[in-house]
Amino acid sequence: MAEKVLMKGNEAIAEAAIQAGCRHYFGYPITPQTEIAAYMAKRMPKIGGTFLQAESEIAAINMVYGVSSAGKRVMTSSSSPGISLKSEGLSYLAGSDLPALVVNAQRGGPGLGGIQPSQSDYFQATRGGGHGDYHMIVLAPSSVQEMADLTIRGFELADEYRMTAMILADGTIGQMMEPVSFDFKFKEVPEKPWATTGTKNARKHNVVNSLYLNPEQLEKTNIERYQRYEIIKEKEAMAEEYLTEDADIIVAAFGIAARVSKNAVNAARAEGIKVGLIRPITLWPFPEKVFAKAADHAKKIISVELSMGQMIEDVRLATACRVPVELCSRVGGMIPSPDQVYNAIVEAARKGGE
Amino acid sequence: MNYKRITLLAGHYGSGKTNIAVNMALDLKKQQPNTAIADLDIVNPYYRTLDSRKELEEAGVRLIVSPYANTNLDIPALPQEMYAIVHDRTLHSVVDVGGDDRGALALGRLTPLLREENDYDLFMVINRYRPLTRDVQSILEVKQEIEEAGRLPFTGIINNSNLGAETTAQCVLDSMDFAYGVSEAAGLPLVMTTVEERLYDGLKGKIDHLFKMKLQARPVDWIR
């Protein structure tokens with residue numbers, strides 16, 4: 001087994017991307033994800049890759065579009081306000097069915113907000129963010145190790161389904177340091193016969209474009225794309241279930257909120273409260289079946305988030321409102337404490353899940 | 001540890017400078033009543049000496065820190081009082097310099113005064129478990145970059161090799177060849193090897209100049 005190294009979450013993303021064969025990074029600095037760009041700036045020139053600090057986030061995402069069109073693994077990273085700027089490009093990537101990896105280390109918003117952690121870009125990420133009917137695959141790491149694991153998985157999914165995979169992290173996981181093992185078995189990168197690599201006068205030229213002059217054709221493309229999304233929803237949803245089997249109360253949390261919640265669940269279990277945790281690892285596709293199953297026995301669900309309540313809507317949809325769902329959250333760069341979550345669990349237990 | 005009037009800590013980003021600075025300042029305070037810790041980090045807005053404010057103030061260590069550390073104002077601001085380090089010669093201090101050459105830029109403006117008085121140490125903090133500084137050559141590159149940016153040569157090496165919560169005594173022992181290798185290649189003494197308090201007793205006597213550290217409490221320490 002490879003020896004572990006001590007890394008920041010942001011650095012783990014960058015190293016994992018390089019190991020996954022990404023040789024093109026385009027970005028623009030913004031706290032709290034600048035370590036990704038800094039790492040790439042140091043490493044890419046040494047391995048024959050390209051690191052380019054673009055003049056803006058908009059330029060960077062369009063450079064991603066260009067490299068992806070040429071069939072190469074490519075990524076960009078930013079934090080909340082920067083992702084908003086990239087949204088037009090994200091929509092164009094989707095409309096052109098191009099694979100890409102995009103990282104959002106979320107910070108408090110809206111607007112410039114602050115530089116401390118947040119999860120309030122959940123709607124933006126899971127609903128697409130830009131204009132038009134589309135989705136991105138959204139992966140939510142909750143440890144530095146998972147920052148690496150899901151980056152590699154993200155590249156694989158992006159290539160397989162020809163779409164953008166987004167790592168939806170936050171300032172805390174990006175900045176915290178934990179030991180990481182880079183002991184990966186890599187899948188082969190699939191053939192990309194659609195890539196614009198030059199015809200060499202041997203084939204018809206490929207076109208990568210999101211403009212359709214014929215509305216029937218545009219409708220057909222949209223419908224086909226959503227058929228692909230159905231396959232992804234069926235096959236790729238991921239969640240971690242922790243002590244959920246006999247649970248009367250379910251805590252739903254992803255990313256950093258799940259780390260906090262696990263402490264609270266353990267503390268409440270020690271008091272004899274039947275509580276478990278569902279941690280979505282993919283936010284789109286949302287692990288609906290796991291929640292639907294939990295709703296068969298749970299009396300209450302508590303959604304712990306660093307937002308005013310965004311994932312809570314998907315929890316309600318997945319459970320068809322069969323179980324009451326309440327919110328436990330902090331915003332503006334603040335993180336719920338294990339005590340806050342513990343108290344919410346105890347209160348729910350006291351009311352008998354009513 | 002015999003401290004010069006000013007002890008400066010620099011090194012690769014994330015090598016552990018801030019934790020060491022806080023522990024050193026508390027140690028220095030036991031020898032020198034007039035002690036300060038100065039945070040000159042212009043690189044990282046997260047994880048600052050300010051996280052240890054309570055402990056430092058209770059011990060009577062003066063904090064010289066930008067009023068914008070740990071706030072949402074994300075600018076490379078230096079503390080207004082930073083010249084006290086060089087001008088007030090009754091003051092002993094530990095200075096936490098930001099990571100890499102970019103962090104060491106902030107040092108440059110103090111350099112002429114540091115050289116003139118010549119009662120300082122500039123220690124390079126190393127951790128062989130950090131991904132970009134795992135071999136002697138990479139350390140020497142970072143060393144040269146920092147010395148050029150700060151226009152000041154290092155005077156010693158501090159081995160802070162660790163794997164966070166997964167650090168074992170063996171991890172530290174395994175790092176010693178590396179640390180001595182850096183020391184020899186750089187022509188600088190290995191002045192200290194730093195370990196968490198939980199590992200100290202097991203390593204005492206096995207490693208020279210072992211320094212016991214209490215890890216800084218951070219806002220997210222309860223995240224396990």
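This is a predicted model: local features need pLDDT of at least 70, side-chain atom pairs count only at pLDDT 80 or more; totals for chains, interfaces and linings use all residues.

User: Why is A:F184 called partly exposed?

Analyst: A:F184 has a relative accessible area of 22%. Buried needs under 20% and exposed needs over 50%, so A:F184 ends up as partly exposed.

User: And what makes A:F182 buried?

Analyst: Its relative accessibility is 14%. The limit for buried is under 20%, so A:F182 counts as buried.

User: How do you know whether the rings of A:F182 and A:F184 are stacked or edge-to-face?

Analyst: A pair of aromatic rings is described by the distance of the centres and the angle of the planes. For A:F182 and A:F184 the centres are 5.9 Å apart and the planes sit at 75 degrees. A pair needs centres within 6.5 Å, and planes over 60 degrees apart count as edge-to-face, so this pair is edge-to-face. Ring pairs also bring in A:F186, linking A:F182, A:F184 and A:F186 into a cluster.

User: How many aromatic pairs does the structure hold over all chains?

Analyst: Seven aromatic pairs over all chains. One of them joins A:Y25 and A:F51, with ring centres 5.8 Å apart and planes at 5 degrees. Under 30 degrees counts as stacked, so A:Y25 and A:F51 are a stacked pair. The pair links distant parts of the chain: A:Y25 is in strand β2 (residues 24–27) of chain A, A:F51 is in strand β3 (residues 50–53) of chain A, and the two are 26 residues apart.

User: Which labels do A:Y25 and A:F51 get for accessibility?

Analyst: A:Y25 comes out at 0% relative accessible area, so it is buried. A:F51 is at 26%, so A:F51 counts as partly exposed.

User: Now the interface. What makes A:E3 and B:R128 a salt bridge?

Analyst: Their closest N and O atoms are 3.5 Å apart. The rule asks for a side-chain nitrogen of Lys or Arg within 4 Å of a carboxyl oxygen of Asp or Glu, so A:E3 and B:R128 qualify as a salt bridge. The count between chain B and chain A is six salt bridges.

User: What else is there between chain B and chain A?

Analyst: The two chains bury about 2600 Å² between them, 56% of it on carbon and sulfur atoms. Chain B brings 29 residues to the contact and chain A brings 34 residues.

How values were computed. Residues are numbered from 1 along each chain as its sequence is written. Chains are lettered from A and ligands numbered from 1 in the order in which they are written. Side-chain values use heavy atoms; hydrogens and water are left out. Contact means heavy atoms within 4.5 Å. Buried area is the accessible area (1.4 Å probe) that two parts lose on being put together, summed over both. Rings of Phe, Tyr and Trp (its six-membered ring) pair if their centres lie within 6.5 Å; planes under 30 degrees apart count as stacked, over 60 as edge-to-face and the rest as tilted. Helices (H or I, at least four residues) and strands (E, at least two) are DSSP runs, numbered from the N terminus. Buried means under 20% relative accessible area, exposed over 50%, partly exposed in between (1.4 Å probe, protein chains only).
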